[in-house]
Each structure stands twice: as C-alpha cells, then as structure tokens.
Amino acid sequence: MKQLNLTAAQIAEIVKGTIIGDAGRQISGLAGIKDAKTEDMSFVGSKKYAEQLTTAQAGIILICKDLADTSTENRTLIVCENVDIAFAKMSAMFADEPPAVIPGIHPGAVIDPSAKLGKNVSIGANAVIEAGAEIGDGAVIDALCYIGHDVKIGPATRLYPNVTVMYRCSVGAKCIIHPGVVIGADGFGFVPGPQGLVKVPQTGVVEIGNDVEIGANTTIDRARFGKTVIKDNVKIDDQVMVAHNVAVGESSILVAQCGIAGSAEIGRGCIIAGKAGINGHISLGDGCQVAGTSSVVKSLPAGTIAVGTPAESQREFLARVALPKKVQKLDAKIKELEAALAALSAKQ
Amino acid sequence: MKQLNLTAAQIAEIVKGTIIGDAGRQISGLAGIKDAKTEDMSFVGSKKYAEQLTTAQAGIILICKDLADTSTENRTLIVCENVDIAFAKMSAMFADEPPAVIPGIHPGAVIDPSAKLGKNVSIGANAVIEAGAEIGDGAVIDALCYIGHDVKIGPATRLYPNVTVMYRCSVGAKCIIHPGVVIGADGFGFVPGPQGLVKVPQTGVVEIGNDVEIGANTTIDRARFGKTVIKDNVKIDDQVMVAHNVAVGESSILVAQCGIAGSAEIGRGCIIAGKAGINGHISLGDGCQVAGTSSVVKSLPAGTIAVGTPAESQREFLARVALPKKVQKLDAKIKELEAALAALSAKQ
Amino acid sequence: MKQLNLTAAQIAEIVKGTIIGDAGRQISGLAGIKDAKTEDMSFVGSKKYAEQLTTAQAGIILICKDLADTSTENRTLIVCENVDIAFAKMSAMFADEPPAVIPGIHPGAVIDPSAKLGKNVSIGANAVIEAGAEIGDGAVIDALCYIGHDVKIGPATRLYPNVTVMYRCSVGAKCIIHPGVVIGADGFGFVPGPQGLVKVPQTGVVEIGNDVEIGANTTIDRARFGKTVIKDNVKIDDQVMVAHNVAVGESSILVAQCGIAGSAEIGRGCIIAGKAGINGHISLGDGCQVAGTSSVVKSLPAGTIAVGTPAESQREFLARVALPKKVQKLDAKIKELEAALAALSAKQ
C-alpha cells in the first residue's frame with residue numbers, strides 16, 4: 001500500500017461525504033475496522049456492524065447515514081451516501097500499482113503464423129496461440145495461456161496466466177479472465193446406445209460479451225450446437241460452472257461455486273449467490289435473486305427472490321425453517337386437548 | 001455449422017423416423033426450438049416442452065411419439081423413437097469439423113528421452129512429458145499438458161490443453177480429458193500427532209479405464225494405497241471431485257460439481273446428478289440415481305433413487321417438501337377441536 | 001509398492017501394538033480390508049466396520065481396542081492405540097518412493113533475471129518466474145507453474161505442476177501445493193454505478209503460513225486490501241474456494257468443495273467438511289466443526305458443532321430430519337381426539 005497523508009477535509013471532498021468531528025484529522029493508510037490503528041482510515045457500511053465502532057481505533061471512519069450518531073471521541077467520521085463506493089475510491093488511491101504490463105511478445109510464446117495480433121498486445125512466456133486466432137488491440141495474454149484455433153479475444157481484454165480458451169470461442173472487449181478458467185470445453189451430453197453411452201457431439205461455441213469478469217477455475221462449456229452466451233457486464237466468481245447452451249443476461253452476477261445446468265436462461269441483472277444451482281432448461285426472469293446454496297428447479301418470473309432446496313419464497317423458506325417450533329406448539333396443544341377431553345369424560 | 005440442404009424425406013431416412021406432413025419440405029440448418037427459423041430443423045424431445053411448439057418457427061421438427069398430434073401447419077414433423085439420438089445424428093452431420101490434429105511432436109514440447117511414444121501421437125506446444133511415461137498409438141497430448149513420471153496414456157486418447165496427470169497414474173484407450181483436469185494429486189489424509197496434523201502418505205495411483213470422458217477442472221485424487229479406479233465408459237462432467245480410493249463402476253455418470261468422498265464405491269450405471277455429495281466409505285449398488293444437490297450418507301442398494309440431504313426416497317422427499325402445508329392443516333384441525341370441545345364444555 | 005517380508009512381532013514393535021495370535025505370522029504387502037490376501041497386512045480402525053472382519057483374508061490385521069475380541073482363526077491381530085497412525089506408518093514403509101526431484105533449473109523454464117533463487121531449488125520445464133520473485137532454499141517449482149512478480153515461496157515448499165501464484169502473494173515453508181491451485185486471483189467485488197457494475201480494486205495479497213497443504217484446483221483470492229490469511233498447518237482439500245480477506249486459523253481443515261465467503265474468520269483447529277459453505281463477514285471460534293453440505297449463516301462460538309442449511313445444532317438437525325414422523329404421529333392423535341370427541345358428543 002502506498003503511504004499518503006490525507007486530512008478528513010481532503011477525504012470528504014474525494015468521497016463527497018460530510019465530516020463529523022475534526023476536519024483536520026490526518027491519516028496515512030487504510031485498514032479493516034478491526035485492524036485499523038489511529039493513523040489509518042477505515043469504514044463501517046451497515047448498521048449491522050455498529051458494535052465494531054465501539055472498539056475501533058481508526059483515526060477516520062467512513063460511515064453510512066444510519067450510523068451518524070456514532071461517538072467522535074478520538075476520531076473523525078465521514079458520512080457517505082454509499083460507503084462501499086467511497087471506500088473503493090480511497091482504496092484505489094492507496095493501492096500499489098499491479099505489475100506493469102510490457103507490450104510485446106515473449107520469445108518463449110508459441111504463436112501460429114496465421115494468428116492475427118492487434119496493436120500493443122502482450123503475449124506472455126510459454127503461452128500458446130493456435131492458427132487463425134485473433135487478439136485485439138491492447139489485449140494481454142499472460143504466461144502459459146492457451147488460445148485455440150480461430151478464437152477471438154477482444155481489445156483491452158486481460159487473460160491472466162493459465163487460462164484455456166478452446167477453438168472458435170470468442171471473448172469480448174475489456175474482459176478480465178482469471179487463472180485456471182476454461183472456456184469452451186465440451187458440454188456434457190450422452191445418449192444411451194446399444195453399446196453403452198454415446199457422446200453427443202458438442203459442435204457449438206462460447207460467446208462472451210464485453211466487460212465480463214470471470215473468476216479463477218470457472219468453466220464455461222461450449223454449446224451442443226449454436227452457442228453458450230455470456231452477455232455484457234456479467235460478473236462471474238471463482239469455480240462457477242456454466243453448462244452448454246446456457247444464456248446469462250447483461251449485468252448478472254454468478255457467485256462462487258454456483259452452477260447453471262444446460263440450456264438454462266438467466267435474465268438481466270440477476271444474482272445467483274454462492275453454491276446455488278439452477279436446473280437445466282428453465283428460465284429466470286430479469287432481476288431474480290437466488291440465495292446461496294439454493295436449488296432452483298422451476299422457471300422464475302422476473303424479480304423473484306428464491307431460497308432453499310427446492311427453492312421457494314423467502315416467506316415460505318422462513319416458515320419451513322421455523323417448522324420444528326410450530327410442530328412443538330401443536331404437540332403441546334394436542335396434549336392440552338387430550339387432558340381437557342379426559343376431564344370432560346370423567347365428569348359424565 | 002455447415003450448410004446442407006436436406007428434405008424431410010432424407011432426414012426421416014437418416015433418423016429412421018415417420019414423417020407427418022410434407023415429405024418434400026427442405027431445411028439448410030439446425031437450431032434450438034426457440035431460435036430456429038423456417039429454414040432450420042429443430043426438435044422437441046418431451047411432452048414437458050409441448051408449449052414451445054405453439055410458437056416454433058422451424059420448418060422441420062423432430063418430435064417424440066407423445067407429441068404426434070402436434071399441428072403441421074407451416075411445418076413438417078418427424079416422429080422419432082429417441083429424439084435425442086436422432087438430433088445428435090443430425091447435429092454431427094451439420095457440425096463443422098473440429099480443428100485437425102497434426103501428428104508429430106511440437107518443438108516446444110519437453111519430452112524426457114526415456115518416455116515411449118506410440119505411432120502417430122501428437123504432442124502439443126510446451127507440453128511436458130516426464131521420464132518413463134508411455135503414450136499409446138494415436139494419442140493426442142495437447143499444448144501445456146503435464147504427463148508425470150511413468151504415466152501411461154492409452155491409444156487414441158485425447159488430452160486437451162492444460163491437463164495434469166501425476167506420476168504412475170494411467171488413462172485407458174479412447175478417453176477424452178478436458179482442460180484443467182488434475183489426475184493423481186494426493187488424496188486428503190491427515191492424522192492428529194503430538195505436533196499437529198501429520199500427513200498420511202498417499203502412495204497409490206489413479207487407474208482410468210477405456211472410453212472415459214472427464215470434464216474441465218475435475219480432480220481425481222491418487223489412492224492412499226492401492227488405487228482410485230474409474231472403470232470403462234464412465235462419463236464425468238466439469239468440476240467433479242473424486243477422492244482417494246474411490247471406485248466408480250462401468251458406465252456411471254457423474255454430473256458437474258458432484259463430489260465422491262474417500263473410499264466410496266459407486267456401482268455400474270449409476271447417475272450422480274449435479275452438486276450431489278456421496279459420503280466416504282459407503283457403497284451405492286448398480287443403477288442408483290442420486291438427485292442434484294442431494295447428500296448420500298448411507299450405503300444404498302442397487303436401483304435406489306435418492307433425494308435430499310440426508311438423502312431419502314422420492315416419496316419421503318416429496319412428503320418433506322409438503323410438510324408445511326400438512327402442518328397448516330393439522331393446526332386448523334386442532335382449532336376446530338378446541339372450538340368443539342369448548343362448545344361441548346359449555347353445554348354441560 | 002515395495003515388497004518387504006515382516007512378521008507380526010516386527011510390525012507390533014514398529015506400531016507399538018499388542019499381538020493377538022501367532023507372532024511369527026509373516027506378510028509381504030499391504031491392502032485394503034476387502035482386497036487383502038493372506039500374504040497382506042490390512043486394518044480395521046473402527047467398530048463400525050466390524051463385519052468386514054468376518055470375510056477378511058488378510059494374514060495380519062491392525063485393529064482398534066474395541067475389536068480385540070475378534071476371531072484369530074487363520075490370522076494374527078495387532079491391537080493399536082490409533083490404527084490410522086499405525087497403518088500410515090506401515091504404509092510409508094511399503095510405499096514406492098515418489099519420483100526423485102533433481103535440483104537445478106530446467107532450460108525450458110523462463111526466469112526473470114531479478115528473481116532470487118535459494119540453494120538447491122528445482123525449477124521444472126516451462127515454468128515461468130516473474131521479476132522480483134523469491135524462491136526459498138530447497139523449494140521445488142514443478143513444470144508449467146507460474147510465479148508472479150514479487151511472490152515469495154518459502155524454503156522446502158513444493159509446488160506441483162500447473163500452480164499459479166499471482167503477484168506479491170507469499171507461501172511459507174514446507175508447504176505442499178497441488179496442481180491447478182490458483183493463489184491470489186482477484187477477490188470478487190463490484191459496486192453498482194451509474195453505468196453498471198464497477199469493479200472494486202483488489203489491492204491486497206494472500207499470505208500462506210508454513211506446513212500448509214492445498215488440494216488440486218483450489219482457489220484462494222487476494223484481499224480487497226490487506227491480506228487473505230491462511231495460518232500455519234492449515235490443510236485444504238481439492239476445489240475449495242477461499243474468498244478475499246478470509247482468515248483461516250492454525251491447523252484448521254477445509255474439506256473438498258467447501259467455500260468460505262469474503263471476510264469470514266475461521267478459528268484454530270476448525271473442521272469445515274465437504275461442500276459446506278460459510279457466509280461472509282462472520283466468525284467461527286476455535287474448534288468449530290461444520291458438517292458436510294451445511295451452510296453457516298451466523299457466527300459460531302468456539303467448539304460449536306453445526307449441521308444443516310441454515311446450520312443448527314446436531315440435536316436440532318436430527319429433530320428436523322425426524323419431523324415427518326413426528327407430524328404423522330400428531331395426525332394420528334388428532335384423529336383419535338376427533339373420534340373421542342364425537343363419541344362424547346353422541347352420548348349427550
């Protein structure tokens with residue numbers, strides 16, 4: 001982290017926040033709320049974490065409006081509209097630059113003469129680029145990547161080391177692909193035949209839009225025919241599995257270890273949380289949110305919030321979670337009824 | 001996709017189907033039922049998707065027997081015994097060929113002089129083959145693969161790029177191994193010792209049969225001793241985890257992101273669906289089917305269908321899913337009883 | 001496996017066990033209890049597997065105290081304090097040595113001149129080591145590994161092939177990192193902006209302690225700022241996902257396919273079983289145990305055993321599993337009450 005000396009006044013200007021306390025208070029670094037020392041700035045973005053403020057040592061703390069009544073003893077607070085965005089801005093200022101990318105082609109890279117390389121591309125050591133591949137201007141293909149035949153990589157896209165993109169698949173502009181990602185392996189399709197399982201040829205491709213980010217070791221399979229589609233601005237975490245012929249709509253978010261089965265369609269602006277599973281051949285409307293570890297087995301209309309296995313509404317899920325207590329109560333009532341009935345019987 | 005002009009009559013002959021409508025109707029491409037235009041052939045393989053036929057534009061549609069009463073207005077139908085197999089056959093005809101494999105050894109590959117290479121093998125750029133490895137006739141080891149010491153790769157097997165096979169493991173004939181697969185990493189075994197956890201040496205291997213397919217980024221660990229075994233014709237999807245000393249029987253199917261814990265035995269012809277987990281040291285008889293995201297904690301007799309966490313029968317699982325409604329009904333009945341009892345008490 | 005001829009007396013001395021039966025009985029190999037022949041030694045470590053002893057063929061069997069009454073017909077038993085540790089010791093004796101590591105730098109490796117290599121390091125074929133990286137004495141970086149800028153790898157640490165360690169991350173001494181592992185890919189952080197999702201820079205690192213083992217294709221993301229921390233002696237299985245800013249305490253165990261969401265804190269000596277999920281921003285005290293496939297959504301005090309989704313105590317989980325039977329009983333009782341009430345009503 002860079003060391004920068006900044007006052008609360010300077011920070012408030014950068015994040016467009018309102019100072020509570022000493023505007024001249026100065027910090028020189030950033031840290032999480034538990035680790036921050038008096039010379040650090042930190043943040044608390046939700047009332048949920050209010051109790052962390054009681055023991056926090058940070059000299060300056062970015063807080064949300066709900067926390068504006070926090071004590072300013074020994075510190076200055078800055079109230080922000082959106083603490084996450086504000087802290088991200090500060091974090092970027094303090095960040096050490098990532099290692100510089102040097103345009104050019106490493107002599108250890110193996111590039112087929114028929115591949116077309118744009119301007120200012122960077123191809124890392126021992127990367128392999130097959131015949132007919134096209135690499136857009138300013139794209140970075142890091143060490144040990146494999147770019148298959150006729151693959152297209154868009155301008156300003158970054159492939160970190162050890163990424164595999166199989167033949168004829170395409171990645172758009174300004175994408176970020178993390179190590180270990182596999183794009184375009186065969187989809188999983190077999191039909192029973194007289195001599196056992198017969199492979200269904202997976203003859204399609206994967207088409208990835210612009211501004212897509214894909215996390216480490218995620219796999220996106222090529223289509224049985226046609227294409228598996230990841231639209232613009234989709235953000236995918238680590239170890240996500242996207243099966244053949246899936247379509248993921250713009251700006252949707254797929255969190256770590258979730259899986260989308262074959263031919264499912266995910267709308268725009270959906271959030272599929274960690275470890276959730278989406279069945280094949282179903283569709284989720286725009287803006288659906290699926291809770292972590294949930295399993296969606298039926299299509300969902302736009303805007304649905306789904307929880308559980310099989311997924312249901314939040315209300316239904318909470319009722320299900322509370323079921324043992326409810327059954328306990330019914331049991332008690334039944335015992336009361338039995339006693340009352342026995343008493344009544346005895347009277348006669 | 002290749003463009004081919006085919007009539008319904010020609011297609012019916014290829015797929016051994018029965019034409020309903022105009023046998024002279026012609027198409028030139030294939031597409032999914034939603035995307036297909038009048039010049040395309042498509043398919044609907046199950047009554048479940050019958051409503052897709054109402055808006056479908058495809059000129060020719062392969063359908064199952066259950067859908068034989070579908071309207072033939074503007075289109076020709078071909079009824080097939082097995083739509084999946086029929087469409088797979090057509091799909092293979094229209095498919096662009098995958099990039100041709102050129103036999104030979106890329107000069108960037110690093111091959112130990114003691115490795116034995118069969119006839120017509122292809123070794124890709126920057127692949128690494130260690131001492132004592134044996135590569136069968138016609139096998140393809142793609143770019144950036146790692147083949148460990150004394151590994152055996154069978155004839156006509158294809159390793160796509162970036163596959164890792166660790167020392168002494170073996171892969172049979174005609175297998176397909178997708179990118180990012182790791183075969184033969186250490187199994188996970190530790191015992192508590194006086195100074196903390198002590199590693200249990202993992203001295204066994206992985207032995208993979210013939211005609212096995214393994215999906216991207218799947219991991220199959222070497223045995224603690226003896227071997228982890230994947231029998232002939234097993235088909236494994238992406239991101240599957242097979243732990244040490246597991247045995248998977250012939251023609252079983254492991255769907256994406258499922259996990260088989262140590263020393264579990266999976267019979268022949270089993271289907272372990274996506275994200276399911278199988279506990280260690282248990283056995284599943286032949287033909288068991290485990291539903292997606294289910295968790296099997298006890299051995300299952302042959303032919304069992306298991307659902308849920310912990311897994312139970314379908315009937316039990318559905319009863320569990322319906323439990324909140326059942327409890328609601330009991331609650332209502334109890335209220336009725338209370339009222340009736342109060343009325344009876346009042347009478348006395 | 002090596003062939004060694006050992007008598008029960010010799011084995012009992014090595015494992016510090018007590019012989020029941022013929023001390024002169026001799027074996028020449030090891031095998032699992034189902035596969036072992038009369039010339040093999042095997043083991044049964046728990047009463048759970050007692051029935052395996054009835055059909056076992058092994059000449060010598062290591063058993064736990066609970067099984068000391070087992071028949072010694074045709075075999076010799078050795079009672080051990082801890083069968084797992086005892087068998088691991090024997091297994092190590094019989095194990096073939098793994099392929100020898102030859103110190104030195106493979107000519108195909110690409111190493112930046114500014115990287116600092118310790119004594120007796122081994123760098124494999126086609127590995128890539130970037131500027132400023134430091135490799136400790138005796139460390140082994142296998143073929144096709146990628147070591148980013150300014151990465152530190154501790155002494156005697158082994159990276160198996162195809163491992164990726166991104167810039168500025170560090171791995172301690174005597175660690176074992178299996179193939180396909182990705183350390184230091186970006187954490188997953190986005191904030192909604194006026195033109196869609198905006199990436200939150202992930203400016204921190206990953207810091208891994210000593211004696212850590214990490215299984216194949218596991219991913220450990222770099223921190224948003226500061227560091228993601230894996231403490232000494234932590235053991236991580238295959239396909240585990242550790243998100244940004246997570247901290248895992250000493251000697252904890254993360255089993256295959258589990259996932260730890262952002263900023264979660266796992267105490268010392270915890271066990272997170274296979275496929276379990278831990279929510280972000282929560283903490284688990286020392287010695288917590290989370291059952292396989294469970295989902296922990298709230299912080300847990302030290303020593304908690306948690307099961308289910310959302311996780312609860314074992315007692316609560318078992319009650320929930322038994323709920324359908326309990327509801328069945330209530331249903332029967334209600335029917336009895338209805339009948340009794342009807343009878344009573346009729347009497348009046």
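This is a predicted model: local features need pLDDT of at least 70, side-chain atom pairs count only at pLDDT 80 or more; totals for chains, interfaces and linings use all residues.
Residues are numbered from 1 along each chain as its sequence is written, while chains are lettered from A and ligands numbered from 1 in the order in which they are written.

## Where chain B touches chain A

Here 55 residues of chain B are in contact with 51 residues of chain A (contact means C-beta atoms, placed from the backbone, within 7 Å). On chain B's side, helix 3 (83–94) and helix 5 (323–347) are the elements that give two or more residues (helices are DSSP runs of H or I, at least four residues, numbered from the N terminus). Helix 5 of chain B brings the largest share, eleven residues.

Sorted by class, that side of chain B has 26 nonpolar, 19 polar and ten charged residues (Ala, Val, Leu, Ile, Met, Phe, Trp, Tyr, Cys and Pro count as nonpolar, Asp, Glu, Lys and Arg as charged, and the others, Gly among them, as polar).

## Two helices inside chain A

Within chain A, helix 1 (residues 8–15) and helix 3 (residues 83–94) pack at an angle of about 115°, their axes 10 Å apart (axes are lines fitted to C-alpha atoms over the stretch in contact, and angles run from 0 to 180 degrees between N-to-C directions). Helix 1 of chain A supplies A:Ile11, A:Ile14 and A:Val15 to the contact, and helix 3 of chain A supplies A:Ala86, A:Lys89 and A:Met90. By class, that makes five nonpolar, no polar and one charged.

Definitions and conventions. Two residues are in contact if their C-beta atoms, placed from the backbone, lie within 7 Å.
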